[in-house]
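Subject: Structure for your review

Dear colleague,

Please find below the structure I promised to hand over, with the sequence alongside it. My notes on what was found follow directly after it.

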Amino acid sequence: MIQIKDVTKLYPAKESGNGTGKDASSIHALDHISLHVAQGEWLSIMGPSGSGKSTLVNLIGCLDRPSSGEIWLDGQNVAGISSADLNRVRAEKIGFIFQQFHLIPFLTAVENVMLAQYFHSMTDEKEAVEALARVGLGDRAHHLPSQMSGGEQQRVCIARALINDPRIILADEPTGNLDAQNEEIVLRLLREFHQQGRTIVMVTHDPVVARLADRRIELHHGKVASQEIFSLADEGTLGASRARRDRGSRAHGSARRVARQPGD
Amino acid sequence: MSAPNSNPASNLAASRAHAPHTSMFLRMLVRAAVLRRGRAVSALFAMAVAAAVSTAMLNLYVDVQAKLRREFRNYGANIILVGRDSASLPSDSLAHVDSVLAGRGVAAPFGLLVARTTDGQPIVVAGTDFDRVRQLNRWWSVSAWPPEISASRAQNPREMEHPALIGVRALPAVSRKSQPFDLSFQGRTLHVTPAGTVQTGAAEDSRIYISLADFTAWTGVQPSTIEVAASGSPEEIAGIMNQLTQTITAADVRPVRQIMEGEARVLGKTRSTLLAAATLIILTAALCVLSTLMGWVFDRRRDFAIMKALGASGRLLNGFFAAEAAVLGATGAVIGFLVGIGIAAWIGRVNFHAAVVPRFSVLPIVLAGSMAVTLLSAILPISLLRRVQPAVILRGE
């Protein structure tokens, strides 16, 4: 589903001559990283600030381009396609859930959802209201973001991410700004999407949230430092997530930590 | 949510095709304008001011020529007809001039000769039509106009007093305390009663004006000069002169150059000033709009980044921003047009004592100009918009 091959992302350094002997004019946000995410898999990405988590999600989400390497989404290498094609990929294949929600402040909840429909193809207000109802916001459809709580805004963001039936959901710290009650609601929704067979890539700082995924990777200095698969029986199989889901609760599964080498 | 399906995006689009649609584009425009009305109002204000000034200037620009020409006509003749070789003009000349003018001006005949006062001093006496002179030379400072004398009454000069308009410099030589006095010409005497004085600061101050009827009855001399104040553009004036030349062949038709050249100069300068002022104000407004739109883009970078992240194309976002700018320009133009009409009317009333006629033909020009200004002002913000990197903006940099 998602194949990342030897991807490097360089950002221009704000100050040159750092004395490290590396290229002083740029910072390696991602350093020759390779990764495979199977269809229907839930991958969580952890790591300290500046380790490259958001950069990786932005590259998978076609919000940015790699400096080198290939990114294959659903059989298409998006690293070298035009901006217009990237727009189409974002509109049709990817649903974003942001930590800061990122709703358009002058549009109501339903209009924010309809906006995603509009950029995809055409709007259908009834469908958008139904999507909001599914995340428990049927009665808040015509409220502005400023009239909603953080949890409600995040659920609007989730409804917007799902409205075009995307194959990939990218969630960048989706519960980072939520209280415990709303965190539970959002995670329950993500679990439902996972059970429906969607591919989820989630950045989180919370190890408990990360354990909800099929697999967790940890980034350090733009490289995969380690990965953890939360069921021995699932390791190495593309249908890992589905198999575990069929077995029931993750609480009964075992986890194994696997040390990763750069470029592995 | 349904499970992800394998059907392409077109299937989803097809399933939505039967839904009732409202224009999302229009919704975004209206919502953005209503909920960000602070910014919208400041940009609208700048546009409305520019449109109002442009409307007022264009109205005045079109109307000022007619208004100023009317004003210039108050300052006397711009064409003069003189009998060839100092001869008198044919008696039907004035009728021909009136016929050529056809309401586009006024003409006054003048007969001039040198008479003698009772103490033998020479003095210039002019015979004219007081009603016409009054219209022709509104700028003359006259204490009281004499009544017009009919030709039949003038036949018997001794039966009545003959009212005259006395130049202020001539008055001491002919009459003390405005008493009646006699003038003689070739042995014939005319008993004249001062009716009022005239002061112009020019040769008129040394003359005595009597009615044309008295003048011809007394001297037997016909008018040798007709002064004409014709209205119209320089081309129209030239046409009138041409017609007069062809109609009255016994006369030399000459322009009064000082008046015509001065008129053209003032008109040219007035129009240039209006154009320059309008251009400066429009440029200033364009800068205001530009700075407002730049601020608008800066404020909304995050919104545009979100839209890009959701799959909006650069063209759509540019179109959305350009449409916002165009709506702003059109609304500002309509508001400004209405205000500008009012300003033009007020300026007309204050300066020309007549309202400037609202010219709705100016509206398309103001509308197109306002939209052009906003769209040109939007070019730079749109180029900034193109550079919005969603990844950078959304991570809060």
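Helices α3(A) and α4(A) cross in a right-handed sense, where a crossing counts as left-handed if the near helix is turned anticlockwise from the far one by less than a right angle, and as right-handed if clockwise. Please keep in mind that this is a predicted model, in which local features need pLDDT of at least 70 and side-chain atom pairs count only at pLDDT 80 or more, while totals for chains, interfaces and linings use all residues. Residues are numbered from 1 along each chain as its sequence is written, and chains are lettered from A and ligands numbered from 1 in the order in which they are written.

To stay with that pair, α3(A) and α4(A) pack at an angle of about 120 degrees with their axes 9 Å apart, the axes being lines fitted to C-alpha atoms, for helices over the stretch in contact, and the angles running from 0 to 180 degrees between N-to-C directions. Helices (H or I, at least four residues) and strands (E, at least two) are DSSP runs numbered from the N terminus. On the α3(A) side the contact is made by Ala109(A), Val110(A), Val113(A), Met114(A) and Gln117(A), and on the α4(A) side by Glu125(A), Ala128(A), Val129(A), Ala131(A) and Leu132(A), with two residues counted as in contact if their C-beta atoms, placed from the backbone, lie within 7 Å. By class, this contact has 8 nonpolar, 1 polar and 1 charged residues, where Ala, Val, Leu, Ile, Met, Phe, Trp, Tyr, Cys and Pro count as nonpolar, Asp, Glu, Lys and Arg as charged, and the others, Gly among them, as polar.

Both of these helices also take part in the interface, where 40 residues of chain A are in contact with 30 residues of chain B, and α1 (53-60), α2 (83-93), β6 (94-98), α3 (109-120) and α4 (125-134) of chain A each supply at least two residues of the side that touches chain B. The largest share of that side, 8 residues, comes from α3(A), and by class the side has 16 nonpolar, 12 polar and 12 charged residues. The secondary structure of chain A comes to 8 helices and 11 strands, and buried residues make up 50% of its 264 residues; a residue is buried if 20 or more other C-beta atoms lie within 10 Å of its own, exposed if 12 or fewer, and partly exposed in between.

In chain B, the axes of α4(B) (residues 93-101) and α9(B) (residues 234-247) come within 10 Å and cross at roughly 145 degrees, again with a right-handed crossing. Here His96(B), Val97(B), Val100(B) and Leu101(B) of α4(B) meet Ile240(B), Gln243(B), Leu244(B) and Thr247(B) of α9(B), and these residues divide into 5 nonpolar, 3 polar and no charged. The buried residues of α9(B) are Ile237(B), Ile240(B) and Leu244(B), which cover an arc of only 60 degrees around the axis and so lie on the same side of α9(B), the arc being that of the directions from the helix axis to the C-beta atoms. On the other side of α9(B), Glu235(B), Asn242(B) and Gln246(B) are exposed.

Finally, Ala286(B) lies in helix α10 (residues 257-299) of chain B and counts as partly exposed because it has 19 C-beta neighbours inside 10 Å.

With best regards
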